[in-house]
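The following exercises concern the structure shown below.

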Amino acid sequence: VMAEAPHGTAPALQGKNIANPMAMILAEASLLGFVADPRCKLVSRALYEATFETVRAGTRTADLGGHAFTEEFTDAVIEAVRNKLELWGSLGLA
């Protein structure tokens, strides 16, 4: 299985911290969804949910009408994934 974000490489954005990383994050979530290990499927679900919840909560890059930089958006998704996995673990779901 291969996963690739549905856009180009955007070399003009390289090093500017302004690219929207959502497509790459979702591509990784898709890839993990194909792995037979249930932990990978759980992380896949967490990535999907965390990414869309981050946008809904208002952390958006400029192309989505927000002011977040690439790192800020990515960090918000990572934090949401961590929180989900910790919560699910405490409930015995992970």
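**Exercise 1. Determine how many helices and strands the protein chain has, and describe its overall dimensions and burial.**

Step 1. The protein chain contains three helices and zero strands, where helices (H or I, at least four residues) and strands (E, at least two) are DSSP runs, numbered from the N terminus. Along the sequence the pattern reads α-α-α.

Step 2. The model is predicted: local features need pLDDT of at least 70, side-chain atom pairs count only at pLDDT 80 or more, and totals for chains, interfaces and linings use all residues. Residues are numbered from 1 along each chain as its sequence is written, and side-chain values use heavy atoms, with hydrogens and water left out.

Step 3. Taken along the principal axes, the C-alpha atoms fill a box of roughly 45 × 30 × 20 Å.

Step 4. Of the 94 residues, 31% count as buried; buried means under 20% relative accessible area, exposed over 50%, and partly exposed in between (1.4 Å probe, protein chains only).

Step 5. Among contacts (heavy atoms within 4.5 Å) with a separation of 6 or more, 53% join residues 24 or more positions apart.

**Exercise 2. Characterise helix α2 and identify what its buried residues pack against.**

Step 1. Helix α2 has 19 residues and reaches 27 Å from its first C-alpha to its last, close to the 27 Å expected at 1.5 Å a residue. The expected span is 1.5 Å times one less than the number of residues.

Step 2. The buried residues of α2 include Cys40, Leu42, Ala46 and Thr54, and the buried residues of this helix pack against α1 and α3 (70-90).

Step 3. Serine 44 lies in α2 (residues 38-56) and counts as buried because its relative accessibility is 5%. Beyond its neighbours within four places in sequence, serine 44 is in contact with Ala29, Leu32 and Gly33.

Step 4. Just after α2, glycine 58 adopts a positive phi of about 110°.

**Exercise 3. Is alanine 68 buried or exposed, and which residues does it touch?**

Step 1. Alanine 68 lies in the loop between α2 and α3.

Step 2. Its relative accessibility is 7%, so alanine 68 counts as buried.

Step 3. Not counting residues up to four places away in sequence, alanine 68 touches Thr59, Arg60, Thr61, Ala62 and Phe73.

Step 4. Alanine 68 and leucine 31 are 37 residues apart in sequence and 26 Å apart in space, C-alpha to C-alpha.

**Exercise 4. Locate isoleucine 18 and give its accessibility.**

Step 1. Isoleucine 18 belongs to the segment before α1 (22-33).

Step 2. Isoleucine 18 is partly exposed, because its relative accessible area is 39%.
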